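Here is a friendly note to read beside the model. Take the points in order, and keep the 3D view open while you do.

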Amino acid sequence: MISIIYYYSFLISSYIGGLLIALGIDDYYMIKRMDHEEYRIIGFILLTILMILFPLTQLVVGRLFGFNAQLEYDRYLHEPVRTSVDKNKTVFQLAFLALSGISVLAIAYTFLKTSNLPILELLKGNTSELAKMRIDASRGISGIAVYIRNIFGIALTPILSIIAYVYAAKTKELFWKALFFVLFISSVLISTYDLAKSPIFFYFIMLILAMVYSNNLKLNWKKISGYLVAGIILLVIMYIAIQGVKEVGSFLSYNTGPIGRIILAQIAPFFLHLDTFSHSLPLLEAKGLPSFIIGFFDLEQVRSARMVMENVFPENVDKGTGGVLNTIFLGEAFATFGYMGVMAAIVYIATIIQLLYILLIRLRKTPVVIALFVYFTINIPRTLVGGVSDFYFNPIWVIMTVVLSGLFILEQYFMVIWNFLISKVKKKRVKV
């Protein structure tokens, strides 16, 4: 979790691009929309502070809790997975089957509510309106359908497939093998239906991590290189099919294609945030906080990523192809409370992540806990380039934690709780 955050979310997708922008050699279309050049340097300074203060905060928190990352992570990798649910096996499997059924139905419901499935239109060869169809697929669903898709389809299905995989690998039972197959297919479909490129990569990384954490895979440089080559090939195929990119130079250029998408596309909006909320728009202040918090004060949440898109690329919004300009969480932190908000957000998020990491690595190692660990290992780095308010209150994280905590209790302690309740009922009958 910590390595992916620091080396991918911060170093590769933020700091390298930030350095190019600071040096003025980015030649990136987003940065060309920036009105005040001084934010190239200011933005890079803030990114440098992030690279130093974030791990320093985590180090201090770890020391306060007596946490030795190297020793405890090594112990976790070699610890056996506890899959003994024999006493309440039927109850657990029925509950898991019910949740899996709800997730698969949620995906089917999502497809039914989407008028034009981008992946289906791509297979048909209808690519003229593909960009607009992708926006419609992700934002065209409204009302309760959004919650059904986001919670049960997008979030829960991959987690359940991870749990099913670990049980299938450890127990070799047909029930878990069949369930994993169904959930795997469902996870791939929901990850690719709107032709977003990153979800399917993150899902495969989740599977690889589950294999590692459950002692079914030992990574070495040869295997890692193989996975990287396979990922690059898949990414090139997706860019050719979805974006229509065919020139070799587009793939090799540092500011276009896949490379530009990784090192510049996610950090460039951060500099636009600094420029926009310093001169064009006022700070959001309380309106930038989660709706769960500001709802008590009759305020409506405003996301800075959407406002920057409307301010910098109004023509894309008018055409219906403008989504949001998500970036490193510092962007929304600045848009909300300025430079003080940036410093506070770095310390706060670093503390939350380190505490969560310590908790997960010290919990009893079961398939459900492994799935929860894998889920946060992948989704925290993704959320770091989404916004700071998601770390104040994230309803999907809360729901996933509650659901998996329920499964964990059912998995490990159902019979204990059941016998305790039965004994209490018997005692009351005896007294009567």
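A pocket, in this note, is an open set of grid points with protein on both sides within 12 Å along at least five of seven lines. Please keep in mind that this is a predicted model.

1. Let us begin with the second largest pocket. Its space comes to about 350 Å³. Of the 22 residues that line this pocket, Leu356, Leu372, Phe376, Trp397 and Thr401 are the closest to its centre. The most come from H19, which gives six residues. Sorted by class, the lining has 18 nonpolar residues, three polar and one charged.

2. How many cavities of 30 Å³ or more does a search of the whole structure find? The search finds one. The largest cavity holds about 40 Å³ of space. Among the residues that line this cavity are His273, Ser304, Asn326, Phe329 and Glu332. Gly386 and Gly387 also belong to its lining. By class, this lining has four nonpolar, six polar and one charged residues.

3. Leu56, Leu59, Val60, Leu64, Phe65 and Leu355 make a nonpolar patch of about 580 Å². Helix H2 (residues 39-64) gives the most to this patch, with four residues. Phe65 sits in the loop between H2 and helix H3 (69-78).

4. Side chains of opposite charge can pair when their charged atoms come close. The structure holds nine salt bridges. In one of them, the side chains of Arg40 and Asp26 meet at 2.7 Å, N to O. This pair links distant parts of the chain, with Arg40 in helix H2 and Asp26 in the loop between H1 and H2, 14 residues apart. Both Arg40 and Asp26 are buried.

5. Arg362 and Glu72 form a salt bridge whose closest N and O atoms are 2.8 Å apart. Because Arg362 lies in helix H17 and Glu72 in helix H3, the pair ties together parts that are 290 residues apart in sequence. Arg362 counts as partly exposed at 40% relative accessibility, while Glu72, at 14%, counts as buried.

6. Here is another pair to compare with those. Arg75 forms a salt bridge with Glu79, and their closest N and O atoms are 2.6 Å apart. Arg75 is partly exposed, with a relative accessible area of 35%, whereas Glu79 counts as buried at 14% relative accessibility. Salt bridges that share partners also join Asp26, Glu37 and Arg40 into one network.

7. Finally, check two backbone angles. Most residues other than glycine have a negative phi. Asp27 is not a glycine, yet its phi is positive, about 50°. You will find Asp27 in the loop between helix H1 (2-23) and H2. Glu285 is not a glycine either, and its phi is positive at about 55°. Glu285 lies in the loop between helix H13 (268-280) and helix H14 (291-294). Asp27 counts as partly exposed at 48% relative accessibility, and Glu285 counts as partly exposed at 48% too.

Key: Residues numbered from 1 in each chain as written. Predicted model: local features only at pLDDT ≥ 70, side-chain atom pairs only at ≥ 80, totals over all residues. Heavy atoms only, no water. Patch = residues over 30% accessible without salt bridge, like charges linked within 9 Å, V, L, I, M, F, W, Y side chains within 5 Å. Areas by Shrake-Rupley, 256 points an atom, 1.4 Å probe, with all protein chains shown as cover. Salt bridge = Lys/Arg side-chain N within 4 Å of Asp/Glu carboxyl O. Helix = DSSP H or I, 4+ residues; strand = E, 2+ residues; numbered from the N terminus. 1 Å grid on protein atoms, 1.4 Å probe; cavity = no way out; pocket = protein on both sides within 12 Å on 5 of 7 lines; lining within 4 Å. Points joined across faces, edges and corners; volume = space filled by probe spheres on them. Nonpolar A, V, L, I, M, F, W, Y, C, P; charged D, E, K, R; others polar. Buried < 20%, exposed > 50% of the residue type's maximum accessible area, 1.4 Å probe, protein only.
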